[in-house]
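Me: I'm new to reading structures like this one. Can we go through some of the terms and see where they come from?

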Amino acid sequence: MKQLGTESNIKLIDEKGLRIDGRSPEELRPIKIEVDVLNRADGSALIEWGGNKILAAVYGPREAYPKHNQDINKAIVKARYNMEAYSVDERKRPGPDRRSMEISKVLSEALETAIMVEQFPRAQIDVFIEVMQADAGTRIAGLTAASVALAAAGIPMRDFVAGCTAGKVDGQIVLDLCKEEDNFGQADLPIAIMPKSGRIVLLQMDGDLTVEEVEKATGMIMGAIKKIAEIQRNALLTKFSVTQTEGGE
Amino acid sequence: MTMPRDEAGILSEIKRGYILRLLKEGKRADGRAKDQVREATIVTNYLPRASGSAMVTMGKTRVLAGIKIETGEPFPDTPNQGVLTTNVEMLPIAFPTFESGPPNEDAIELSRVVDRGIRESKMIDLQKLVIEPAKKVWIVFIDINVLDYDGNLIDACSLGAVAALKTAIVPGAAEGDKDFPLPTNLTPISVTMVKIGDELVVDPDLEEEQIASGRLTVTTSEDGHVRAMQKGEPGFFTLEEVRKAISISSNVGKTVREKYFR
């Protein structure tokens with residue numbers, strides 16, 4: 001696991017209070033979502049979030065296999081978070097590792113909470129998250145894209161799942177950490193929420209935060225989630241909205 | 001996926017109703033208060049040949065934590081620090097559906113959450129574990145085995161790891177130095193809660209875990225700072241519940257620390 005709070009001489013916040021990439025403490029990086037970018041998948045989405053480039057693809061609901069995995073009451077949701085070899089500075093050995101297995105688990109659980117799994121007994125919904133380029137916050141960016149891909153696949157959900165991180169950098173709480181901030185910051189707090197209800201479906205934290213700092217960080221995230229959900233909504237509207245024109249002869 | 005369950009593990013509807021009804025009256029099946037942890041016994045130095053060890057019993061959950069400290073190379077990006085690794089095995093002797101073989105995602109999440117609390121609280125002073133910078137450092141292996149499963153493995157394993165680390169000896173004599181106690185600072189305590197209905201229940205037993213929706217672990221240190229959090233299992237928490245969980249963890253953590261690590 002990456003060591004937080006590693007000493008460095010890099011100054012992450014300048015005298016004007018601006019961050020290493022020029023953002024203010026509560027500013028998100030640019031986010032762009034494109035829907036149905038793959039042909040075969042039942043639903044897919046490409047998210048570009050800062051330097052992150054992540055594909056999410058959904059297959060299902062389909063019969064759960066092997067059969068002993070079937071749940072007679074609901075569909076099982078299997079998310080697989082995968083970092084591609086060239087996605088990070090130093091080549092990552094392909095295939096699952098302990099980090100990606102833990103992330104896959106918490107992402108599956110977050111999505112299962114939002115999906116109306118009770119409508120699909122014995123079924124399985126597969127969600128594949130492929131990190132093509134990583135720039136901090138990959139799990140919540142992947143989750144945000146996955147939620148759009150699920151909607152594009154026509155899978156009934158209680159709400160979107162939108163995620164964001166906050167963290168501590170040079171002793172300050174900031175929103176949406178970039179790579180340098182993630183590497184050399186003092187805390188990282190990824191959260192994913194169902195925006196309409198404010199229900200938290202994913203929450204992790206590591207580092208060192210006081211209770212007040214947690215409060216400040218969660219407050220920032222809650223504000224940002226609304227913007228992110230709007231981007232998700234617009235991405236789907238762009239793809240699926242029907243433009244009505246006056247009919248000709 | 002949730003913790004493995006077997007026939008005996010699937011709760012009958014009657015039992016489920018009973019637990020829910022009791023909770024509405026603020027009670028639990030074993031008589032505990034909602035924010036009360038089970039009585040724990042910790043036997044440190046259970047295995048004198050290990051560098052440190054602790055047998056922890058929490059209700060009917062039992063885990064054995066063992067520490068081995070050996071020399072090795074540091075990570076290239078942290079040449080002036082020792083190395084910490086944590087692994088938890090959910091042994092097949094602990095529950096009918098636990099299987100031998102490589103760790104599954106439950107065991108991986110478990111060991112990573114335990115690791116995070118210890119690492120992020122900087123409990124172990126890794127800078128004091130350097131023999132020759134960039135070349136040779138002490139590697140602290142925390143290996144935890146689950147012997148009996150009756151809920152809340154995260155807290156049982158964390159408690160075991162912390163207790164074992166506090167009694168661990170670095171075998172310095174083998175390196176021409178003297179043996180010395182593992183240098184430790186803060187004491188992280190993880191407190192896990194599950195949500196049953198609208199209630200947060202601390203230190204759930206297996207039956208409570210099985211009817212719960214959502215699990216939340218908050219690890220604090222004695223300075224009151226939050227060092228690690230993890231939400232697990234399907235289900236959700238409101239921000240209000242997260243705030244409450246942090247405050248419960250801080251309070252329960254204080255009690256646990258005073259009781260077992262004074």
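**Where the chains meet**

Me: How many residues does each chain put into the contact, and what makes them count?
Reply: This is a predicted model. Chain B gives 27 residues to the contact and chain A gives 29. Residues count because their C-beta atoms, placed from the backbone, lie within 7 Å.

Me: Which elements of chain B supply at least two residues each to the side that touches chain A?
Reply: They are helix H2 (105-120), strand E12 (226-232) and helix H5 (239-260). H2(B) gives the most, with eight residues. By class, that side of chain B has ten nonpolar, seven polar and ten charged residues.

Me: Why do strand E9 of chain A and E12(B) count as paired?
Reply: Pairing takes at least two bridges, and four join E9 (residues 199-209) of chain A to E12(B), so they pair. The two strands run antiparallel. One of the links has A:Met205 with B:Met229 as its bridge partner in E12(B).

**Inside chain A**

Me: How do helix H2 and helix H4 of chain A pack?
Reply: H2 (residues 138-152) and H4 (residues 211-240) pack at an angle of about 35°, with their axes 10 Å apart. H2(A) passes H4(A) in a right-handed crossing.

Me: Which residues make that contact?
Reply: From H2(A) come A:Thr144, A:Ser147, A:Val148, A:Ala151 and A:Ala152, and from H4(A) come A:Ile228, A:Gln232, A:Ala235 and A:Leu236.

Notes:
Residues are numbered from 1 along each chain as its sequence is written. Chains are lettered from A and ligands numbered from 1 in the order in which they are written. This is a predicted model: local features need pLDDT of at least 70, side-chain atom pairs count only at pLDDT 80 or more; totals for chains, interfaces and linings use all residues. Axes are lines fitted to C-alpha atoms, for helices over the stretch in contact, and angles run from 0 to 180 degrees between N-to-C directions. A crossing is left-handed if the near helix is turned anticlockwise from the far one by less than a right angle, and right-handed if clockwise. Two residues are in contact if their C-beta atoms, placed from the backbone, lie within 7 Å. Ala, Val, Leu, Ile, Met, Phe, Trp, Tyr, Cys and Pro count as nonpolar, Asp, Glu, Lys and Arg as charged, and the others, Gly among them, as polar.
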